[in-house]
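Dear colleague,

I am handing over the structure below, and after it I set out what was found. Please read the notes alongside the coordinates.

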Amino acid sequence: MGRLVVPRLIVFLGVATLRFALLACRARVEWFAVITSLEQVACGVLTWWMLRRELGGSDRLSWSWQEGCRLLTRSWPLAMSGFAVSVYMKAGQLLVGHLLDNTSLGVFSAGMRIPEMLGFVPMILATSALPGLARWHKIGRAHV
């Protein structure tokens, strides 16, 4: 598995455990917002730290506006796909919130984390396989 996937999975599982603990303690909704924010911050800091360690310093961590714009124009279908999946996953929560009470919505939302975790598996596989596929593609082009 990728060097970044395992630590991020640990953060994800830790936060999921904290959420279940908050549910058991009947914590206020603000605590869930704090935990979600901390999860995003932790993943961002972890990614930055791992890249910095892997690349050996900040000199190779530079930003190119031209390259950033090029990547954005080429990746919009993937971004739209992610947005559509996110809306689809949250549509059920909106429906449950509208038709049932807040307790049912909380239980449903907590239960929805399980399929979200299962959706993490293809991302792990893709992240882990990408370097090998890129090498294989490069070698294949050299022999043609």
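**Findings**

Among contacts (heavy atoms within 4.5 Å) in the protein between residues at least 6 apart in sequence, 58% join residues at least 24 apart. This is a predicted model, in which local features need pLDDT of at least 70 and side-chain atom pairs count only at pLDDT 80 or more, while totals for chains, interfaces and linings use all residues. Residues are numbered from 1 along each chain as its sequence is written, and side-chain values use heavy atoms, with hydrogens and water left out.

The protein has 5 helices and 0 strands, where helices (H or I, at least four residues) and strands (E, at least two) are DSSP runs numbered from the N terminus. Of the 144 residues, 15% are buried, that is, under 20% relative accessible area with a 1.4 Å probe and protein chains only.

The largest pocket holds about 1900 Å³ of space; a pocket is an open set of points on a 1 Å grid over the protein atoms alone, where a 1.4 Å probe fits, with protein on both sides within 12 Å along at least five of seven lines, and lining residues have an atom within 4 Å of a point. The volume is the space filled by probe spheres set on the points, which are joined across faces, edges and corners. Of the 48 residues lining this largest pocket, Phe-12, Arg-19, Glu-39, Arg-113 and Glu-116 are the closest to its centre. The largest share of the lining, 11 residues, comes from H2.

With best regards

Key
Buried means under 20% relative accessible area, exposed over 50%, partly exposed in between (1.4 Å probe, protein chains only).
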